[in-house]
Amino acid sequence: MRPCLDKGFVEFLSASPDRKTMELIVDSMKRGRVPTGLAHMTSICMKVRAPLFVMLAMGRFSLIQDDSYSPETYASTLDDVRASDIETSAQICESINMTIEAGHVNREAYKADGCNGFTATFTSTISTYWQGVALGDLQTWVDFANEKHAPHHIAVYQKAVQEILAVEFPRLDDFLRRSR
């Protein structure tokens, strides 16, 4: 598991073909070159916990599985707010918690009215992290991980995916380098 930001992570779950099979395929090829078609014949499954904007970035690559994600909201504490006095901090915390709760009610109401689960999440606050399964082929994961000019908070998740791919598919380093 690769921690990301303060509450998120990316964790490798499985790949098909498995690592040993992938190594056999790579070893059998001349000069260790991996055709890109092979990358599309793989399936890699990872568990992800991330804020909505990271999930949207992953969604652009069709890595997220709609409705497989569950929300987890982190409410602010008095220490997080740090207003000029404790009473003001308490009022701000209460206001933040009411806003978060309203977002949960709206999301569930939209889903009950037939809105798809992921679209309904647009009402979520920035403090809501989504956890679930992300699935894609090797090429798609590499494309996500190597997308240029991503904002810092998304780049943290890209780096975690790169590290996982390097560990799980070590003989594909040449392929990963060509994709960068």
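What does Arg2 count as at its relative accessibility? Arg2 counts as partly exposed, at 25% relative accessibility; here buried means under 20% relative accessible area, exposed over 50%, and partly exposed in between (1.4 Å probe, protein chains only). The model is predicted, so local features need pLDDT of at least 70 and side-chain atom pairs count only at pLDDT 80 or more, while totals for chains, interfaces and linings use all residues. Residues are numbered from 1 along each chain as its sequence is written, and side-chain values use heavy atoms, with hydrogens and water left out.

**Figure 1. The overall fold consists of nine helices and five strands.** Helices (H or I, at least four residues) and strands (E, at least two) are DSSP runs numbered from the N terminus. Along the sequence, the elements follow the pattern β-β-α-α-β-α-β-α-α-α-β-α-α-α. Of the 180 residues in the protein, 38% are buried. The protein exposes about 10000 Å², of which carbon and sulfur atoms supply 53%; accessible areas come from the Shrake-Rupley method with a 1.4 Å probe, and for residues only the protein chains shown count as cover.

**Figure 2. Arg2, Lys159 and Glu163 are joined by salt bridges.** A salt bridge is a side-chain nitrogen of Lys or Arg within 4 Å of a carboxyl oxygen of Asp or Glu, and the structure holds three. Arg2 is paired with Glu163, with the closest N and O atoms 3.1 Å apart. This pair links distant parts of the chain, as Arg2 lies in strand S1 (residues 2-4) and Glu163 in helix H8, 161 residues apart. Glu163 is partly exposed, at a relative accessible area of 30%. Glu163 also forms a salt bridge with Lys159, the closest N and O atoms being 3.5 Å apart. Lys159 and Glu163 are four residues apart in helix H8, and therefore separated by about one helical turn. Through shared partners, Arg2, Lys159 and Glu163 belong to one network.

**Figure 3. Helix H8 has a buried face.** Helix H8 (residues 152-168) has 17 residues, which should span 24 Å at 1.5 Å a residue, and its end C-alpha atoms are 24 Å apart, in agreement. The expected span is 1.5 Å times one less than the number of residues. The buried residues of H8 are Ile154, Tyr157, Gln158, Ala160, Val161, Ile164, Leu165 and Glu168. Seen down the axis of H8, these buried residues fall within an arc of 160°, so they line one face of the helix; the arc is that of the directions from the helix axis to the C-beta atoms. Glu168 is 9.9 Å from Lys20, C-alpha to C-alpha, although the two are 148 residues apart in sequence. Lys20 is found in helix H1 and is exposed, with a relative accessible area of 65%.

**Figure 4. A salt bridge joins Arg60 and Glu147.** The closest N and O atoms of Arg60 and Glu147 are 2.4 Å apart. Arg60 lies in the loop between H3 and S4 and Glu147 in the loop between H7 and H8, so that the pair links distant parts of the chain, 87 residues apart. Arg60 counts as exposed at 54% relative accessibility, whereas Glu147 is partly exposed at 25%.

Figure 5. Most residues other than glycine have a negative phi, and most peptide bonds are trans. Ser62 is exposed, with a relative accessible area of 56%. At 82% relative accessibility, His149 counts as exposed.

**Figure 6. Strand S5 holds Val133 and Ala134.** Val133 lies in strand S5 (residues 128-136) and counts as partly exposed, at 31% relative accessibility. Leu13, Val133 and Leu135 make a nonpolar surface patch of about 200 Å². Patches are made of residues with over 30% relative accessible area and no salt bridge, like charges being joined within 9 Å and nonpolar side chains (Val, Leu, Ile, Met, Phe, Trp, Tyr) within 5 Å. Ala134 is buried, with a relative accessible area of 0%. Ala134 and Gly59 are 9.3 Å apart in space, C-alpha to C-alpha, and 75 residues apart in sequence.
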